Amino acid sequence: MSSKKSPARAVRRGKPARRAPLSRERVLRAAVELADEEGLAALSMRRLAQALGVEAMSLYNHVTSKDDVLDGMVDLVVGEIEAPEVGGDWKAAIRRRAVSAHAVLLRHRWAPQLVVSCLNIGPAMRRYVDATIGCLHAAGFSYALADRAWNAIDSHIYGFTLQALNFPLAPGEYAAAAQQFLHLIPPEQYPHMHALSRLVIDGKHDGLQDFTFALDLLLDGLERLLERNKAAV
C-alpha cells in the first residue's frame, strides 16, 4: 500500500484558514448586516459576537458599549449617503443628497429612528453635515438660514421615510382598500374624500406619496428665499 497522503487528506490536516482580525469597522459592519437581516431588536452584544464567531468580551476591545455600536452603525449608514459638493449648482446637489438619503434609509430600515433620536457626531456625520452647510453657504445662504434650510429638508427626508416604512398598505393595495372603505365616506357627508377615493378605485390616480414632490417644493421655496435675500442686500 502506498504511504503517500492524498491531496484531500493533506488539506483536511492542514491549518484552518485564518479569520480576518477583529477591528472596530468589522464589528460595526457585522452589526449593520445583522440589523438589516433581522431587525434592530435582534441586535445584542452576544448575538453580534456569535455572528462574528468570537466571544462577546472580545468586542469590548473595539467598542465600548452597545450604544457605541449603535452610534457607529449610524455613522456607517450616513457614510453611504451622497454628500453635496461645495460650489456649483447647490439646488441639484442638495436634491441628490436628499434622494440618496431617502434611498439609503429605505435600505437600512432600522436606521431612520436611530438617526432622529440619537446625537450622532461620528466622522461620517460630521463630513456630511459640514458639506451640506458648506454647499448652502457657498450658494449665498447665511449660516443661520443654511441651518434652517437643511433641517427643513431633513425633516422631510426622515418623516417621509418613516411613513413609507410603516404605512400599512403596499402600493398595489390602495385601490382595493379605497373600495373597501368607500362606504365609510358617503359623498353627501364627505364629498371630497369620496371623490378622491373614486379616482383611486377607477385607476385615474395612484394615490401614492411622492418623495420628490414635496422635496422640489422645498427647494423651489428656498431658491426664491435666496433670491429675495440677495436682492435686499
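Predicted model: local features only at pLDDT ≥ 70, side-chain atom pairs only at ≥ 80, totals over all residues.
Local features here require pLDDT of at least 70, side-chain atom pairs count only at pLDDT 80 or more, and totals for chains, interfaces and linings use all residues. Residues are numbered from 1 along each chain as its sequence is written, and side-chain values use heavy atoms, leaving out hydrogens and water.

I begin with helix 6, residues 90-107; helices are DSSP runs of H or I, at least four residues, numbered from the N terminus. Its 18 residues should span 26 Å at 1.5 Å a residue, and the end C-alpha atoms are 26 Å apart, which agrees. That expectation is 1.5 Å times one less than the number of residues.

The buried residues of helix 6 include Trp 90, Lys 91 and Ile 94, where buried means under 20% relative accessible area with a 1.4 Å probe, protein chains only. The helices against which its buried residues pack include helix 5, helix 9 and helix 12.

Consider next Lys 91. Beyond its neighbours within four places in sequence, Lys 91 is in contact, that is, with heavy atoms within 4.5 Å, with Leu 219, Asp 220 and Glu 223. The side chains of Lys 91 and Glu 223 are joined by a polar contact of 2.8 Å.

Finally, the whole structure holds 3 aromatic pairs. One of them, Phe 160 with Phe 211, is edge-to-face, because the ring centres are 5.4 Å apart and the planes lie at 75 degrees; the cut-offs are centres within 6.5 Å and, for edge-to-face, planes over 60 degrees apart. Phe 160 lies in helix 9 and Phe 211 in helix 12, 51 residues apart.

How values were computed:
Helix = DSSP H or I, 4+ residues; strand = E, 2+ residues; numbered from the N terminus. Polar contact = N/O pair within 3.5 Å; in protein donor to acceptor, adjacent residues only side chain to side chain. Buried < 20%, exposed > 50% of the residue type's maximum accessible area, 1.4 Å probe, protein only. Phe/Tyr/Trp six-rings, centres within 6.5 Å; stacked < 30°, edge-to-face > 60°.
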